[in-house]
Amino acid sequence: VHKQKMQEMPKNLQQLLQQHQKDTTRDDLQKTQSDNKSLQKELNRMLELYKKLAFDQKLEQNINQLNQLAQQQQKLSDQDKQSGANPQQAQQQQQKLNKDFDDVKKSLDDLKKENDQNGGKMGLEDPKNDEQNIDQQMQQSDDALSKNDPSKASKSQQSAANQMKQLASKMQKQNEDAEGEE
């Protein structure tokens with residue numbers, strides 16, 4: 001009987017070791033799965049931060065472009081106030097500014113779509129109304145210049161320049177508010 005027990009002991013010991021190894025393997029597997037979930041969360045967080053950074057960079061470029069356009073529009077307005085202003089030359093400059101503003105509008109539209117795809121997390125409101133008002137002022141300026149009325153054009157240009165500055169500062173504030181919420 002004693003000899004039989006001695007022979008069973010290694011078998012029992014082997015079974016115990018295998019059972020312990022299974023438990024350890026299961027624990028290791030659960031720990032690895034947990035680590036993978038944590039890593040996935042961290043990667044997702046990093047991706048969101050990257051998207052926000054890229055968005056902020058594009059928005060900042062648009063804000064800078066708007067401010068530059070406002071300065072150019074203001075300069076053109078000041079030139080058109082002067083007596084002896086050349087309406088044809090001013091009209092060419094105005095048309096170039098209109099084209100540049102169209103480029104900014106396209107870029108802002110892309111940003112708006114990107115914001116919408118991210119569930120509005122970026123904090124950008126739709127600038128369409130502001131853009132339409134600016135467009136209207138710029139078009140009135142162009143029309144006035146085509147009728148050789150630089151004085152009237154100057155008022156529309158002044159208004160467009162002010163509205164561009166307001167839109168730029170509004171977008172800057174929206175971006176800062178969105179960053180404050182994070």
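Arginine 45 and glutamate 42 form a salt bridge, with their closest N and O atoms 3.1 Å apart. A salt bridge here is a side-chain nitrogen of Lys or Arg within 4 Å of a carboxyl oxygen of Asp or Glu. Side chains of opposite charge can pair when their charged atoms come close. Arginine 45 and glutamate 42 are three residues apart in helix 1 (residues 2-81), so about one helical turn separates them. Helices (H or I, at least four residues) are DSSP runs, numbered from the N terminus, as are strands (E, at least two). Arginine 45 is partly exposed, at 44% relative accessibility, and glutamate 42 is partly exposed at 36%. Buried means under 20% relative accessible area, exposed means over 50%, and partly exposed lies in between (1.4 Å probe, protein chains only).

The model is predicted: local features need pLDDT of at least 70, side-chain atom pairs count only at pLDDT 80 or more, and totals for chains, interfaces and linings use all residues. Residues are numbered from 1 along each chain as its sequence is written, and side-chain values use heavy atoms, with hydrogens and water left out.

A search of the whole structure gives 17 salt bridges. One of them joins aspartate 103 to lysine 99, with 3.6 Å between the closest N and O atoms. These two residues are four apart in helix 2 (residues 87-117), so they too are separated by about one helical turn. Aspartate 103 is partly exposed, at 36% relative accessibility, while lysine 99 is exposed, at 51%.

Lysine 170 and aspartate 130 form another salt bridge, their closest N and O atoms being 2.8 Å apart. This pair links distant parts of the chain: lysine 170 is in helix 4 (residues 150-181) and aspartate 130 is in helix 3 (residues 128-146), 40 residues apart. Lysine 170 is partly exposed at 36% relative accessibility, and aspartate 130 is partly exposed with a relative accessible area of 21%.

Salt bridges can also be linked in a network, here made of Asp109, Lys113, Lys128 and Glu131. Glutamate 131 belongs to helix 3. With 4% relative accessibility, glutamate 131 counts as buried. Apart from its neighbours within four places in sequence, glutamate 131 is in contact (heavy atoms within 4.5 Å) with Phe101, Lys105 and Leu108.

Next come the nonpolar residues. The largest nonpolar core has 25 residues, and those with the most contacts inside it are Leu59, Leu66, Phe101, Met138, Met164 and Met171. Such a core is a set of buried Ala, Val, Leu, Ile, Met, Phe, Trp, Tyr and Cys residues joined through side-chain atoms within 4.5 Å. Helix 1, helix 2, helix 3 and helix 4 each give two or more residues to this core. Helix 1 supplies the largest share, seven residues. Leaving aside neighbours within four places in sequence, methionine 138 is in contact with Gln73, Gln94, Leu97, Asn98, Phe101, Ala160 and Met164.

Methionine 164 can also be placed relative to asparagine 133: the two are 31 residues apart in sequence and 9.6 Å apart in space, C-alpha to C-alpha. Asparagine 133 lies in helix 3 and is partly exposed, at 38% relative accessibility.
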